[in-house]
Structure formats: C-alpha cells, structure tokens
Amino acid sequence: MTALAASDILAEAERLAAAAEGESPVRLLGGVAIALRCPSAQLPALERSYGDIDVVARGRDRRKLQRFLTVQGYRGLDQLNAVHGGAR
C-alpha cells in the first residue's frame with residue numbers, strides 16, 4: 001500500500017464525497033471530513049497529517065458501501081473482514 005501526502009488524501013476524500021453524492025449512503029467523518037468542511041482546519045497552527053479516510057454508512061447499507069468502494073477502486077482485506085467484518 002502506498003502512503004499518500006495529506007493533500008492527496010484530502011483530494012481523494014473530495015473525489016469519494018462527490019462520487020457518493022446522491023448515489024450512495026456513504027458519509028465522510030473524522031479528521032479528513034473536518035478538514036474538508038472547516039476552513040480553519042487549513043490554518044498553519046491546525047495543520048496535521050492524515051493517515052486514512054474514514055467513511056460510514058448504515059448497517060443495512062453495508063453491501064451498497066462495499067459496491068461503491070469497489071467501483072471507486074478500493075478492495076477489501078478479505079482476511080481482516082472475515083474476522084472483524086461483522087463488527088465494523
């Protein structure tokens with residue numbers, strides 16, 4: 001897995017949010033979501049790095065979320081999901 005620069009992670013999160021708009025029950029949350037919605041998060045004093053993009057969907061929309069992420073170029077970690085998939 002390749003690490004992305006903070007600006008790349010923010011750009012990817014914006015891409016996912018745009019793709020999900022009106023199509024998928026996916027919402028961003030966490031630090032990246034705040035950075036995208038809150039202009040003051042870009043101030044030097046509040047600048048930080050981001051290691052991931054957090055997304056959330058309702059439990060009943062789990063399959064829709066999986067399809068959405070697959071279409072967007074993501075793939076699941078089968079072994080991790082087999083162990084923890086029911087609780088995540």
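This is a guided walk through one protein chain, from its overall layout to a few single residues.

A word on the model comes first. The structure is predicted, so local features are described only where pLDDT is at least 70 and side-chain atom pairs only at pLDDT 80 or more, while totals for chains, interfaces and linings use all residues. Residues are numbered from 1 along each chain as its sequence is written, and side-chain values use heavy atoms, with hydrogens and water left out.

Let us begin with the layout. The protein chain has four helices and two strands. Here helices (H or I, at least four residues) and strands (E, at least two) are DSSP runs, numbered from the N terminus. Read from the N terminus, the order of the elements is α-β-α-β-α-α.

How much of the chain is buried? Of its 88 residues, 20% are buried. Buried means under 20% relative accessible area, exposed means over 50%, and partly exposed lies in between, with a 1.4 Å probe and protein chains only. The chain exposes about 6900 Å², and carbon and sulfur atoms supply 53% of that area. Such areas come from the Shrake-Rupley method with a 1.4 Å probe; for residues, only the protein chains shown count as cover.

Contacts tell us how the chain folds back on itself. A contact means heavy atoms within 4.5 Å. Taking contacts between residues at least 6 apart in sequence, 67% join residues at least 24 apart.

Now look at helix H2, residues 30-37. Its buried residues are Gly31, Val32, Ala33 and Ala35. What do they pack against? The buried residues of H2 pack against helix H1 (6-20) and strand S1 (27-29).

On the H1 side, the contact is made by Ile9, Leu10, Ala13 and Glu14, and on the H2 side by Val32, Ala35 and Leu36. By class, six of these residues are nonpolar, none polar and one charged. In this scheme Ala, Val, Leu, Ile, Met, Phe, Trp, Tyr, Cys and Pro are nonpolar, Asp, Glu, Lys and Arg are charged, and the others, Gly among them, are polar.

Next come the loops. Arg58 sits in the loop between strand S2 (54-56) and helix H3 (62-71). Arg58 counts as partly exposed because its relative accessibility is 46%. Its side chain makes a polar contact with the side chain of Asp61 at 2.7 Å. A polar contact is a pair of N or O atoms within 3.5 Å; within protein, one must be able to donate a hydrogen and the other to accept it, and residues adjacent in sequence count only if both atoms are side-chain atoms. Arg58 and Pro25 are 33 residues apart in sequence, yet 7.5 Å apart in space, C-alpha to C-alpha.

Further along, Gln72 lies in the loop between H3 and helix H4 (78-84). Is Gln72 buried or exposed? Gln72 is buried, because its relative accessible area is 18%. Beyond its neighbours within four places in sequence, Gln72 is in contact with Arg15, Leu16 and Ala19.
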